[in-house]
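The stops below are meant to be taken in order.

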Amino acid sequence: MAAAASYSLQASSSIASTQPQLNLQFVSNGSKSLSFSSQLQYFSLKSCHARDWNLRRVNAVARTDMSSDAIEVDITLSPRVNSVKPSKTVAITDQATALAQAGVPVIRLAAGEPDFDTPAVIAQAGINAIHEGYTRYTPNAGTLELRTAICHKLKEENGLSYTPDQILVSNGAKQSILQAVLAVCSPGDEVLIPAPFWVSYPEMARLADANPVILPTQISENFLLDPKLLESKLTEKSRLLILCSPSNPTGSVYPHKLLEQIAEIVARHPRLLVLSDEIYEHIIYAPATHTSFASLPGMWDRTLTVNGFSKAFAMTGWRLGYLAGPKHFVAACGKIQSQFTSGASSISQKAGVAALGLGYAGGEAVSTMVKAFRERRDFLVNSFGELEGVKISEPQGAFYLFLDFSSYYGSKVEGFGVISGSESLCRYLLDKAQVALVPGDAFGDDSCIRISYAESLTTLQEAFERIKKALVSLKPTVPV
Ligand SMILES: Cc1ncc(COP(=O)(O)O)c(C=O)c1O
């Protein structure tokens, strides 16, 4: 349980203008704040419940004037939004950024974002697009040029045959996944998600009024799904299995053989579809190899393959991802997108074509980045491997290390309190070591914390030293 935070309310008002101005600020332990600045003449705070990490709920009723027939504004939010948790990775990244901007020398290892610049050839294609006036709406599904290039990539690199009308380009893979979940799930359907999972999957299921069914995995099994567990959890409500390989947050890569076993189970359940999130496909460390789930016998018809440009091509800000699948499903996702965002940025799509033009698996530009990620992984695995009480499953891909620190839970730190789980350990490491990490509970496994090694080796060396020093005051509480 997180310790309760104390909040104070500071209010000031300004009546210099014809519309009185009311400024409200909530300050938590002097570090976090939430502000309202309002031109409302009456503002009443109904209740405020807060914990250390976030202000959970503020119910307020606002009136447009103070006369007796004032109209109350109902600020109730939809049950759908209330059922969804905000992304902890985004929250911690924002918190660490704010600390860094305030001059605190925080090392930020929370974000899932490559530290490299977008390769110059790709960036130039975007610049050219602007100069050439390629700045108008594109078709909703994406330009034919990009969709054709994606089909070529899927054929060459993944052994998958698609036509451009079976591809939907979106503003990032995140949108591709959400649209797929919304398109195929009915209320009450079950979405099967192996844990540790990418933070957004369960919340996306909830947004679709479906129920996430979490399938735990073990660090001793490299966080890979046990097919028997999957089989035991399937019901007539099971609609979607989400697989992510290489995985965020564990870096695990599903071996071909294991995917075949999973495919055999999936094949026995006609209602079950698979969403295969392959966004880290190119960030993989030999001898591990990537298998596209749709390439397995009988799986093409029921697999929605998601991929994108953010990770391998260091293009997070360009917001470009895509979905490939049977036309029926892709068209349904396209229908949602047409009423939602329309097509992705024309400029980014030109850049995406250039990215796919770099050659097999992104050519040298990508392999140079993967080489650097591998060197960092090796450094962290070796270093943490020598620390008392830390369990590791060596990642085979992506740029995350998911370390089991649970042997430190229960430790008491003077002036801080008890390290009760991943969240308090991350808070402790942020306070004491000034290293921002993400607690494993955000990914469905409280025993671990996630380190993103999308940072230079020098920074990682410094971060490791700081963490090691901070851990000295915590003794592993259980023998390991
Ligand atoms: C597993 C996984 N899937 C999808 C995404 C979404 O990527 P984007 O929307 O940037 O393409 C991310 C980003 O963090 C991710 O880690």
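The tour of this predicted model goes from a sheet to the helices on it and then to a pair of helices.

**The sheet.** Select the seven strands of the open sheet, whose order is E8-E14-E13-E12-E11-E9-E10 with mixed pairing. At the edges are E8 and strand E10 (211-216), each pairing on one side only. From one strand to the next, the twist averages 20 degrees.

**Inside the sheet.** Now show strand E12 (residues 273-277) and strand E13 (residues 303-308), which run parallel and are joined by four bridges. Find leucine 275: opposite stands leucine 304 in E13.

Select helix H4 (residues 144-158) and helix H10 (residues 346-356); their axes come within 9 Å and cross at roughly 25 degrees. Because that angle is under 35 degrees, H4 counts as roughly parallel to H10. The crossing is left-handed. Show side chains for Glu145, Leu146, Ala149, Ile150 and Lys153 in H4, which meet Gln349, Gly352, Val353 and Leu356 in H10. This contact has five nonpolar, two polar and two charged residues.

**Around H10.** How many of the eleven residues of H10 are buried? Eight are, among them Ser346 and Lys350. The buried residues of H10 pack against helix H3 (120-131), H4 and strand E8 (167-170), and E8 is also an edge strand of the sheet.

Conventions
Residues are numbered from 1 along each chain as its sequence is written. This is a predicted model: local features need pLDDT of at least 70, side-chain atom pairs count only at pLDDT 80 or more; totals for chains, interfaces and linings use all residues. Axes are lines fitted to C-alpha atoms, for helices over the stretch in contact, and angles run from 0 to 180 degrees between N-to-C directions. Helices (H or I, at least four residues) and strands (E, at least two) are DSSP runs, numbered from the N terminus. Angles under 35 degrees count as roughly parallel, over 145 as roughly antiparallel, 65 to 115 as roughly perpendicular and the rest as oblique. A crossing is left-handed if the near helix is turned anticlockwise from the far one by less than a right angle, and right-handed if clockwise. Two residues are in contact if their C-beta atoms, placed from the backbone, lie within 7 Å. Ala, Val, Leu, Ile, Met, Phe, Trp, Tyr, Cys and Pro count as nonpolar, Asp, Glu, Lys and Arg as charged, and the others, Gly among them, as polar. A residue is buried if 20 or more other C-beta atoms lie within 10 Å of its own, exposed if 12 or fewer, and partly exposed in between; C-beta atoms are placed from the backbone. Two strands pair if DSSP finds at least two bridges between them.
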